[in-house]
Amino acid sequence: MPDRAEPPNPRVPDRADQLSRRPVEAVLFDFHGTLAQVEDPVAWVVAAAVACGAQLDRGRATVLADRLVTAGRAGGPLPHRVPVHLAEVWADRDLYPHAHRAAYVGLAATVNTDIEGLADALYERLLGAPGWLPYADTAESLKALRAAGVPVAVVSNVGFDIRPHFEQWGLAELVDEFVLSYEVGRCKPDPAIFLRACGALRVDPERALMVGDTPADAGAVRAGLTALLVPAADPGKVNGLGAAVALTRP
């Protein structure tokens, strides 16, 4: 008998193939690491210390920043260890504002800084636009999508309102919807949060593009969207968002 032919390997369509069948009619953006980045850790610590009435030299601020980032900074890398007494609020941090605050203030409080109120001041810095930097291509990309008539949603796992940040940056009018985990009770990569955003924009998921920087953002594929992941750039730099604009063009 002749040898049985091997079945062909399943072909995974590349992005160009997908988009040729699925025109992009709306774009969903992650916030942190995609549209904006938290400020430099040393600047973060110095500003928070000033709010507490303390002045830090560069050397001490650098040491404290390293320790605080290791302990766990909102917008920074995940902590190496979450103390047992913070485990519950840590698990709920992107679902409830009180849990978000308690988790990150609690983590900062594990670092001995000798500055009264610093843990709370560090968190307050996060809540304001000065504690973040939009990427250099954020505004131009959002403006290009608005000019092309492509609706935009910001979809974020976050425990506080980021709308005031966009207002202070002059970008709020370029975002049609904000879909925030603590408001909708769902966190990425749960398909429900992406479907909620598509519903708000009145677009079929198959015709929407999710732009982010983590596997949680790529979870949009499970909801039927196309996903584009960009590597998070340093604060204030170009983050490759022009690729998202290009993918909306015929």
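Q: Which residues in H3 are buried?

A: The model is predicted: local features need pLDDT of at least 70, side-chain atom pairs count only at pLDDT 80 or more, and totals for chains, interfaces and linings use all residues. Residues are numbered from 1 along each chain as its sequence is written, and side-chain values use heavy atoms, without hydrogens and water. Buried means under 20% relative accessible area, exposed over 50%, partly exposed in between (1.4 Å probe, protein chains only). In H3 the buried residues are Ala61, Leu64, Ala65, Leu68, Val69, Ala71 and Gly72. They lie on the same side of H3, because they cover an arc of only 150° around the axis; the arc is taken from the directions from the helix axis to the C-beta atoms.

Q: What covers the buried residues of H3?

A: Cover is read from contacts, meaning heavy atoms within 4.5 Å. For H3, the cover includes helix H2 (41–51), helix H5 (97–109) and helix H6 (118–127).

Q: What span should the 15 residues of H3 have?

A: The expected span is 1.5 Å times one less than the number of residues. For H3 (residues 58–72) that gives 21 Å, and the end C-alpha atoms are 21 Å apart, so the two agree.

Q: How many helices and strands does the chain have?

A: Helices (H or I, at least four residues) and strands (E, at least two) are DSSP runs, numbered from the N terminus. The chain has twelve helices and seven strands.

Q: What percentage of the chain is buried?

A: Of the 250 residues, 46% are buried.
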